[in-house]
Amino acid sequence: MSKRVLLGAAGLIVFVGMWEAVARSGVIAATLLPPPAGLPATLISEISLGFWQAMVLASLNHYLIGLFVGSFLGVAVGTAVALFPTLDAAQAWIARLLRPIPPLAWIPFAIIWFGISETAAAFIISIGIFWINYFTAHAAVRGVDPDLIELAASFGHRSLAARLRKVILPAAAPGILSGLRAGLGQGWMTVVAAELFGITGIGQRMMEAAGLLATEVVIVYMLTIALLYGLSDMLFVAAQNRVLRWQRS
Amino acid sequence: MAAIVELDGISLTFAGTNAPVFSEIDLGIERGEFVIVVGASGAGKSTLLRVIAGLLSPSTGRIARKTEERPDRRPIAMVFQEARLMPWRRVRDNVALGLEGLAVERAERDRRVAEALRLMGLASFGDRWAHELSGGQRQRVGIARALAVDPDLLLMDEPFGALDAITRQTLQDELLRIWGETGKSILFVTHDIDEAVYLGDRVLLLGGSPATVVRSYEVTAPRPRNRDADEVSRIGSTVKADLSGLFDHGGGI
């Protein structure tokens, strides 16, 4: 194992150790900072009661729908805008107007439009993901080397579909994929908030537990999100490396 | 005469400008002929190639392409100065670029790609990525990609301009060998006069503003040529003198 990995592991152990020490010392009440040693038991209890599986599945469902819708629309619209200068000019001020609105500010409209529903949660999650992908896809497509587009044209690939397939999408892939990866993380960050207003999922369970001062349950779900994010990011990077294996390492 | 492509009074003015890049260019390339275009930078040499390739439309004039139209080949293929390989494709798939979209079966495509790679001495390089190649190898792939579509006319835009002297000479000789074996017509742009007179049957000097074909030189020296042969270097000196004469008169730049 490399020195870096060892140091990283050592840092993590020291962090958890200090957390445990502070929690046990009695300086801080256990409800304010539950000791990490008690967390496995809490997790087992959540699993045996069936909460953990149900909440993770529900959140995963909102997350995946939001992720696919937001990513697909973000990449599609970002690409289209980068391809057509007229569209680009027309969208500039719309994007400036809507972009700074945080996804959570859409909660009232999400409820009015979709009710307290899974769709509402997925909608809120998709907004942040949409903007990330919109801007990265836009920049990636704008950055495609025009010489390669001319090359493809000189070998007969002149239609928009052929240009997209033979040049633009593969050339923009590194940028588009980095946007997709950033969106993957952004999505997990909004999942909890999107469920706070009563939609079944990790966020809702955390709110319930917090209301009862069951802070160890809150922490179990915080770590669950970290784990789910870590897993999805790892899987994505593996896929990304495969798609981009042509890049100079 | 069996001209493969004939330009008749071609002029080009880019949209938004009123100074033509070139005007009234008449030029015919015979089947199997090796024609060189030289001229100062900015004289419109590369632009002329793009007009012939159909990437740009001339403002006036007529281009007659007497190339053989067949669904399994492209009559004109281009080689660029920077090899322009797609970094996300392996060498083999870069060479196949022009075959995609033609009526060529998978097996036939593979055969033609392998044949083009073999011709360029790259038979064992098919699986490489572009970044694993040297500058000379990249340019070989660029030429193989053009040969794979079996064109009647090869348009070459300063293909060896960015290479070191040794690699350039090697590739010049290989190009002559392939030209001899395949009988393709070649229109080759360069700013290197020695390269021009070593390779060409005919050298056209492009100059003036707007540019026209100022002079044409027949290089009759027998092949294979010696780079230092009197006849070759004599024509080279004439072209160089004419080219600097153009500068003295303020044309071409």
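This is a predicted model: local features need pLDDT of at least 70, side-chain atom pairs count only at pLDDT 80 or more; totals for chains, interfaces and linings use all residues.
In strand 6 of chain B, B:L154 is the bridge partner of B:A77.

**Around strand 6 of chain B**

- Strand 5 (residues 76-79) of chain B runs parallel to strand 6 of chain B, and the two pair over 4 bridges.
- Strand 7 (residues 185-189) of chain B is also parallel to strand 6 of chain B, joined to it by 5 bridges.
- In strand 7 of chain B, the residue opposite B:M156 is B:F188.
- How many residues of strand 6 (residues 153-157) of chain B are buried? The count is 5 of its 5 residues.
- In a regular strand, side chains alternate between the two faces of the sheet.
- Here B:L153, B:L155 and B:D157 are buried on one side, while B:L154 and B:M156 are buried on the other, so that both faces are covered.

**The open sheet of chain B**

- Three strands form this open sheet: the order is 2-1-4 (chain B), and the pairing is antiparallel.
- Strand 2 (22-30) and strand 4 (60-65) of chain B are the edge strands, each pairing on one side only.
- On average, neighbouring strands of this sheet are turned by 5 degrees against each other, direction ignored.
- Strand 1 (residues 3-12) of chain B is linked to strand 2 of chain B by 6 bridges in the antiparallel sense, and B:A3 has B:E30 in strand 2 of chain B as its bridge partner.
- Helix 1 (residues 45-53) of chain B lies across strand 1, strand 2 and strand 4 of chain B, at about 120 degrees to strand 1 of chain B.

**Where the chains touch**

- Chain B brings 15 residues to the contact and chain A brings 13 residues.
- On the side of chain B that touches chain A, 9 residues are nonpolar, 3 polar and 3 charged.

**A:L184 in chain A**

- A:L184 belongs to helix 8 (residues 160-195) of chain A.
- A:L184 counts as buried because 20 other C-beta atoms lie within 10 Å, and the cut-off for buried is 20 or more.
- Beyond its neighbours within four places in sequence, A:L184 is in contact with A:L67, A:S232, A:D233 and A:F236.
- A:S71 is 113 residues from A:L184 in sequence, yet their C-alpha atoms are 8.9 Å apart in space.

How values were computed
Residues are numbered from 1 along each chain as its sequence is written. Chains are lettered from A and ligands numbered from 1 in the order in which they are written. Two residues are in contact if their C-beta atoms, placed from the backbone, lie within 7 Å. Ala, Val, Leu, Ile, Met, Phe, Trp, Tyr, Cys and Pro count as nonpolar, Asp, Glu, Lys and Arg as charged, and the others, Gly among them, as polar. Two strands pair if DSSP finds at least two bridges between them. Axes are lines fitted to C-alpha atoms, for helices over the stretch in contact, and angles run from 0 to 180 degrees between N-to-C directions. A residue is buried if 20 or more other C-beta atoms lie within 10 Å of its own, exposed if 12 or fewer, and partly exposed in between; C-beta atoms are placed from the backbone.
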